[in-house]
Amino acid sequence: MNGAKSLVKTLLASGIDTCFANPGTSEMHFVAALDQVPGMKCVLGLQENVVTGMADGYFRIARKPACTLLHCGPGLANGMGNLHNARRARSGIVNIVGDQATYHRPFDAPLTADTAGMAQTVSQWVRTSVDSARLGRDAAEAVAAARSFPGQIATLILPADVSWNEGGVVGEPVPAPASLPVDGNAIENAARTLRAHGADTLILVGGTAVLSDAHPWLWRIAQATGATLMADFVTAHLSRGRGRLQLERTPYVMEAAIKALQRYRHIILVNAKPPVGFFAYPGLPSTQYPPDAQLQVLARADQDPLPALQALASLLNAPEVAIPDPGPRPAVATGAPTPEGLAQTVAAVMPEHAIISDESVSFGRGFYKFSHAAPPNDWLHLAGGAIGDGLPVATGAAIGAQKQRRVISLQADGSAMYSLQSLWTQAREKLPCTTIILNNSKYNILIGEYANVGATPGDTAMSMLDLGNPALNWVGLANAMGVEAARATTLEQCADLMQASFGKQAPFLIELMV
C-alpha cells in the first residue's frame, strides 16, 4: 500500500468522508487513491478559494470537518482568502496540500514555494509529511486538530514521493482534544456583576453560544437579571427564526456601534471578543465599547459555553421562561427592492429549516429585525471580512445538509465575482441552492467607506468602484455555469421566482436589480 492509500483510509477511519478538491500533478496518486478506496465523496471546485469556502460552509452545517485537496503552494495561496474566513469562523478543515517530491525540492522547480510558511498564516496546525510509513499517523493527528473545539484549520503538506512510495500504514484515529473546562471563578464573577448591575450589562455572544441549544439559557439569564443580549457582528453561524432568540448584532458602522454600546458599564463575553471596528477611522477609537466599561469573559472561544451558561443560570436561580413569539410571519413586500422589503420577503417565503448564506454586505446589514418571524433557519455570515465566501459557503452548506435543506444566498454582485465558479459546482452536484444576486453594479460598501475615512474620491477613484461598464449579466453568467436564472425588478417577481425555485432539486439564480 502506498502512502496515498494509507492517507485516504486514515481520513475515512477518522470520520472524514468528504473531499473538496482542485488537484494538480503532485497530487495524482492521492487522486487515484480517492478513486480506488471507496467511501470518500469528492466535490470538484474550479478555483481553490471555492474549494476552501465550500469546506467552511460544510463544517458550519455538518459540524464535522471535510478535507480539501489543493495543488502546491500557489494552490494554497489561491484558497487563503476563504481559509482566513474559515479560521475566523472557527471551522474545522483538514487541508491536504501537494508539494514537490522531497528529492526534487532542492532543484527549485517553478511551483516550489514556502508552503509551510503560507499555511501557518491560516492554520492552527501545520505539518509536512516526510515518510510514507508515518503519513497515516500524521493524517490522524491532523483530523484530531481540526476537531478541536469548536474547530481548527489543520494543514498537512504532502510531498509527491511520500504519496507514491510504498510502505503506507493506516493511522489509528486520534481523539480530538476536549474543550477546555469551565472556569468557576468566571461564572461567580459574572453572577456577581449581573446581580448588582444587570440593567447596565451587555451579554455579548458569539461562537457556538448563538446556536439554538444555548438560547433558552441565555434568555433565562437575561430575564432574571435585566441584562441585554446581543450577538457579535462577525458571528459565523446563528440559529434564527421562530422559537429562537431575536438577537441583533452589534452594528458594523463605527458611529452606530459606539452609540449602541455606550450605555453598558459591564460587558460579559460568551465565545465573543471585545467589539472593535473593522478598520481604523480618523478621529474615532478602535474599540466600540465605552472606555470605562468593565469586560469579563464567561467562556472563551475554545470553551463550550453551554456548561458555563447552565451553571450561571443555576447560580442566579433563573427560572425557565419561554422565548417570546416574534409575531405573525410577514407577507411578501411589494414594489421596488429595498433592504427592508427583501428581508421581509425572504422571511415570508423561505421553507422551514432553510440555510441563509448572507454576503449581502452593505445592503443587508439591517435584515435581522425584518426577518425574526421567519420559520426556524440557520443564518451564515462572512466572519473574516475577506469577501467572496457567500457562494462557496452556500455550496458547502448544501452538501453538509446532504441536499435535504434549501440554501438561500443573499449575495452582493461585486463579491460574487470573486467566486462565481461556485455556481458550476452547484449545477454539477444538483444542489438545492437559490441565489439572489443584489445587482447595484458597484462596490457600494467602498463608496460608504470613502466617507467613513474622510477621503474625497474623484472620477478616477469612482471608476474603480463601478461595475456597470460593461454591465455584468448575471443571468448569462449563471446559464454559462449550467444554472437556470431569471431577472427580477420587483419584490413580487423575486418572491415568485424564489417559491418556484424551492420545488427544484437544482440550483437557481435570481438577478435582483437594486
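Two strands pair if DSSP finds at least two bridges between them. Strands are DSSP runs of E, at least two residues long, and helices are runs of H or I, at least four, each numbered from the N terminus. The model is predicted: local features need pLDDT of at least 70, side-chain atom pairs count only at pLDDT 80 or more, and totals for chains, interfaces and linings use all residues. Residues are numbered from 1 along each chain, and side-chain values use heavy atoms, without hydrogens and water.

**Exercise 1.** Find the bridge partner of Ser357 in β14, then describe the setting of β14.

*Solution.* 
1. Ser357 is bridged to Ser409.
2. Strand β12 (residues 354-359) runs parallel to β14, with five bridges.
3. Strand β15 (residues 433-439) also pairs with β14 in the parallel sense, over six bridges. Here Ser409 stands opposite Thr435.

**Exercise 2.** Characterise the interface of domain 1 and domain 3.

*Solution.* 
1. Take the bounds, from an automatic or database assignment: domain 1 is 3-164 and domain 3 is 339-513.
2. Count contacts (heavy atoms within 4.5 Å): 25 residues of domain 1 meet 27 of domain 3.
3. Take the buried area (accessible area lost on being put together, 1.4 Å probe, summed over both parts). It is about 1900 Å², 67% of it on carbon and sulfur atoms.
4. Leu46, Arg60 and Ile61 supply 30% of the area that domain 1 buries here.

How values were computed:
Buried area = accessible area lost by both parts, 1.4 Å probe.
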